[in-house]
Amino acid sequence: MTDASVIISFYNKLNHLKLVLAGFEIQSQNNFEVVIADDGSEKKIVQQLEAIANQYSFRIKHLWQEDKGFRKNRILNQAILAAESEYLIFIDGDCIPHPKFVEGHLKYKSRKTTLTGRRVNLSQKITDLLTPQKIKGQFLQKNFLLLVEDGLFGKSYDIEKGFYFRGKFLRNLFNKKSRGLLGCNFSIHKEDILSINGFDERYEAPSIGEDSDVQFRLELNGVTVKSLNHIAIQYHLYHKPQERPQKNLTLFENVKKDKTFFTPFGIRKL
């Protein structure tokens, strides 16, 4: 049994995914599997991905569904069911993990708790510099001053979230404040996400459905959100901002009014 199942949401950007997978090759704690939750990538991308899947030191499961628009929550639910481990770590296919990313999530795991880290947002300039080989050589950690410079004078931002703290005192100090669950960087026991019936599949657009909705329903069910700021770090590759449609906000307002933690539109359809 693996210590964790890392669930990576993915759609078409194979070059970004290769960088992410390179980040998982150098994890300090490596007893995990990877489940790629593919929301309808093109056939040629699927073929390329499956051709390289056995080149990594960890096992990769690739789950694919037909492209019928944004249905990330649906494929994430399928990934939960396919996961071998009882502990799940969620990350997006454009977020490179720090070498101690998995270790951080596993170190602080506990029942009835979901853990959430933060991410550095890289500019197009820094993103273009990266290769799988550089990631394996810890380019982002060894050249952190380059990120700081680009944060000050370029277009990277949230650079301060990339400072990794080893000591207990600083970790506790910077994680006293509660923070919202980040859909691209959180972990949870499988039984706790199943207890709310997983992700609500009615959210068919980016934002809220992968994090705010999940946090709201988990907390209704007695699950606490714990911050892993400066512990579970990731680096978000640049892409154009996605639209945040009103329909997600409207749906979430209705969920909050209902105050029901178990969605009938999740893993088990009622």
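Helix H1 (residues 14-25) lies across strand S1 (4-10), strand S2 (32-38), S3 and strand S4 (87-92), where contact means heavy atoms within 4.5 Å. H1 runs at about 165 degrees to S1; axes are lines fitted to C-alpha atoms, for helices over the stretch in contact, and angles run from 0 to 180 degrees between N-to-C directions. Helices (H or I, at least four residues) and strands (E, at least two) are DSSP runs, numbered from the N terminus.

This is a predicted model, in which local features need pLDDT of at least 70, side-chain atom pairs count only at pLDDT 80 or more, and totals for chains, interfaces and linings use all residues. Residues are numbered from 1 along each chain as its sequence is written, and side-chain values use heavy atoms, with hydrogens and water left out.

**The seven-stranded sheet**
- This open sheet has the order S3-S2-S1-S4-S8-S6-S9, with mixed pairing; two strands pair if DSSP finds at least two bridges between them.
- Strand S3 (60-64) and strand S9 (224-227) are at the edges with a single partner strand each, so one side of each has no neighbour in the sheet.
- From one strand to the next, the twist averages 20 degrees.
- Strand S6 (residues 113-116) and strand S8 (residues 185-189) run antiparallel and are joined by two bridges.
- Thr116 has Phe186 as its bridge partner in S8.

**The three-stranded sheet**
- A further open sheet, also with mixed pairing, has the order S5-S10-S7.
- Its edges are strand S5 (95-97) and strand S7 (118-121).
- Here the twist averages 35 degrees from one strand to the next.
- Four bridges pair S7 with strand S10 (residues 233-236) in the parallel sense.
- Asn121 has His236 as its bridge partner in S10.
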